[in-house]
Amino acid sequence: MGFNYRLHFYLALENKEARAVVEKMSEEYNVPVEIMLCKGCRNHDGKIPLQKYIFGDSHSCAAYECSKNKGLDFCGDCNEFPCDNLHPYADRATELPHNMKVFNLCLINKMGLENWAKSKASEVRETYFTKPWTLSDK
């Protein structure tokens, strides 16, 4: 399946099609729909119910915590944007390569092509293709 599951968890609050996807996943993974629904990081104080269910009560979104600690409303307001808190670490890179492309384009715009190629390109490729997806561990 090549769509953003996390977006469906958010959209399912008001969208019938997204809700149907979440309900199907709820049955498939035996996780209550209420735990799968997402109201956004700020509304959950960085502790998304599904992530807490999977990773435990101490789990929180590193990007949210960073923004909160800096007194920012959004990551995009930060002068360090994009940073590794937003890196699309994924073990499904071959299925969702656009995540890596957008992240790298943002970094290239921020760092310049030569600096990105020298200091970040190989790290991004290695991390993206070899580590499981997470927003809490770099």
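Visitor: Which residues of helix α5 (residues 62–69) are called buried, and what makes them so?

Guide: In this predicted model, the buried residues of α5 are Ala-62, Ala-63, Tyr-64 and Ser-67. A residue is called buried when its relative accessible area is under 20%, so each of these four residues falls under that limit. After α5 comes Gly-71, with a positive phi near 75°.

Visitor: What share of the residues of the protein count as buried?

Guide: Of its 138 residues, 33% count as buried.

Visitor: How do you know whether the span of helix α2 is close to or far from the expected one?

Guide: Helix α2 comprises residues 16–29, 14 residues in total. The expected span is 1.5 Å times one less than the number of residues, which for α2 gives 20 Å. From first C-alpha to last, α2 reaches 20 Å, and its span is therefore close to the expected value.

Visitor: Which residues of α2 are buried, and why are they said to lie on the same side?

Guide: Ala-18, Val-22, Met-25 and Ser-26 are the buried residues of α2. They lie on the same side of α2 because they cover an arc of only 105° around the axis. On the other side, Lys-16, Glu-17, Lys-24, Glu-27 and Glu-28 are exposed.

Visitor: What makes the approach of Asn-15 to Glu-17 a polar contact?

Guide: At the start of α2, a side-chain oxygen of Asn-15 comes to within 2.9 Å of the backbone nitrogen of Glu-17. The limit for such a pair is 3.5 Å, so this pair meets the distance condition. Just after α2, Asn-30 has a positive phi of about 55°.

Terms used
Residues are numbered from 1 along each chain as its sequence is written. This is a predicted model: local features need pLDDT of at least 70, side-chain atom pairs count only at pLDDT 80 or more; totals for chains, interfaces and linings use all residues. Side-chain values use heavy atoms; hydrogens and water are left out. Helices (H or I, at least four residues) and strands (E, at least two) are DSSP runs, numbered from the N terminus. Buried means under 20% relative accessible area, exposed over 50%, partly exposed in between (1.4 Å probe, protein chains only). The arc is that of the directions from the helix axis to the C-beta atoms. A polar contact is a pair of N or O atoms within 3.5 Å; within protein, one must be able to donate a hydrogen and the other to accept it, and residues adjacent in sequence count only if both atoms are side-chain atoms.
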